[in-house]
Amino acid sequence: MPGPADTPSLEAFARSGLAALDAGALRRRLVETARGPAAGATRAGRALVSFSCNDYLGLANDPRVIAAGQAALARYGAGAGASRLVTGNHPPLAALEARLAAHKGTAAALVFGSGYLANLGIVPALAGAGDLVLVDALGHSCLFSGAQLSGATMLRFRHNDLDHLRTILAARRGRHERVLILTERVFSMDGDRAPLSEILSLAAEYDAWTLVDDAHGLGVVEPQARAPLEMGTLSKTLGSYGGYLCASRAVVDLLTSRARSFVYTTGLPPASVAAALAALEIVEAEPDRAARPLALARRFTARLGLPEAQSPIVPIHVGEAPAALALSASLEARGFLVVAIRPPTVPAGTARLRVAFSAAHGEAQVDGLADAILALRGAGT
Ligand SMILES: *Cc1c(COP(=O)(O)O)cnc(C)c1O
């Protein structure tokens, strides 16, 4: 069979897009990375200590998690075989949903294909034309995508700014039937936390519904409060893959019928689900492990003279993308993998290194990274 026909306008479009990315040092490239053991990662044959994984408790490579995945793979096969509403609702899913709901103290939980898919399904199922969705300005891409897909009016409120949120609610609440507030427990690129109790009080005052994205909080920070809509991912602390919503029975039942990214997609593979369940059991059974990433992050911020870490994520602000890439490359030469984060993942002019701590790191590795950054900064690199 011949290959696809030439499509010159498509090729020209792709090439000019790449040229624009290159001009701003914003082109992304895939680098083959073999993770493990512990916090190690191998790139191009070089063993590095990774500070760029979201596997905060080192559970992706935990033998108990791997064994649970293997057993489910052997028992139920590689894939779910259909969407969950057809025949893809295999037994590990119900077990995981029950455990997630118990963990969050909600009546029910619903597992989605990923965290991204969860937000693409949840927001449009709860809000639509005529409604208002308010998103923290530093919210994750999938919160904005979910809001856009809903067809509701979408407004950003300034990051963690309760006064701004109140101003918008006071001015706009009367014009919309339903109002949804979207925020994160721990912000993925800054590591700071939302003032959730205060947001929930505002939401109650204005009859708005709050969704908190707990992607980076589950199992590693003590929650200040619980929102009526707690979504998250199985792919970070739980070391596997998939997304979830914990909420009331009625909300979960409604989404089971209405969330398009739930209804029209195949159920997760049994092995991923069983692995996430085993990881959640470890999170609950081993509080010392769960406390370790934040303690290491605080050790690091103290050594660097930065504000005390609020989560296992610590940003090292650099500014422009080329400088962030250069600092990342210098650290990699010293054996540390700390990936540069550039726009549009973060706002223009705020390129940074995002340092993520894991229970799998040793104190000496953390101190080694801090000292390398101090030395490079001193050298003006
Ligand atoms: C990673 C992340 C997601 C997406 O989760 P996936 O399961 O990886 O799709 C959603 N929200 C936030 C805040 C995240 O950091």
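User: Why is Glu-286 called partly exposed?
Analyst: Glu-286 has a relative accessible area of 24%. Buried means under 20%, exposed over 50%, and partly exposed in between (1.4 Å probe, protein chains only), so Glu-286 counts as partly exposed. Before we go on: this is a predicted model, where local features need pLDDT of at least 70 and side-chain atom pairs count only at pLDDT 80 or more, while totals for chains, interfaces and linings use all residues. Residues are numbered from 1 along each chain as its sequence is written, and side-chain values use heavy atoms, with hydrogens and water left out.

User: What makes Glu-286 and Arg-289 a salt bridge?
Analyst: The closest N and O atoms of this pair are 2.8 Å apart. A salt bridge is a side-chain nitrogen of Lys or Arg within 4 Å of a carboxyl oxygen of Asp or Glu, so Glu-286 and Arg-289 qualify. Arg-289 is partly exposed, at 23%.

User: Which salt bridge does Arg-352 form?
Analyst: Arg-352 pairs with Asp-190, and their closest N and O atoms are 3.1 Å apart. The partners are 162 residues apart in the chain, with Arg-352 in strand β14 and Asp-190 in the loop between β7 (179-184) and α7 (196-205). Helices (H or I, at least four residues) and strands (E, at least two) are DSSP runs, numbered from the N terminus.

User: Why is Arg-352 called buried, and what does Asp-190 count as?
Analyst: Arg-352 has a relative accessible area of 2%, so it is buried. Asp-190 reaches 21% and therefore counts as partly exposed.

User: Where are the two domains in the chain?
Analyst: Domain 1 covers 26-60 + 287-378 and domain 2 covers 80-268; such bounds come from an automatic or database domain assignment. The count between domain 1 and domain 2 is one salt bridge.

User: How do you know how much area domain 1 and domain 2 bury between them?
Analyst: Buried area is the accessible area (1.4 Å probe) that two parts lose on being put together, summed over both. For domain 1 and domain 2 that comes to about 1500 Å², 58% of it on carbon and sulfur atoms. In domain 1, Tyr-56, Gln-310 and Ile-313 lose the most area to domain 2, together 30% of what that side buries.
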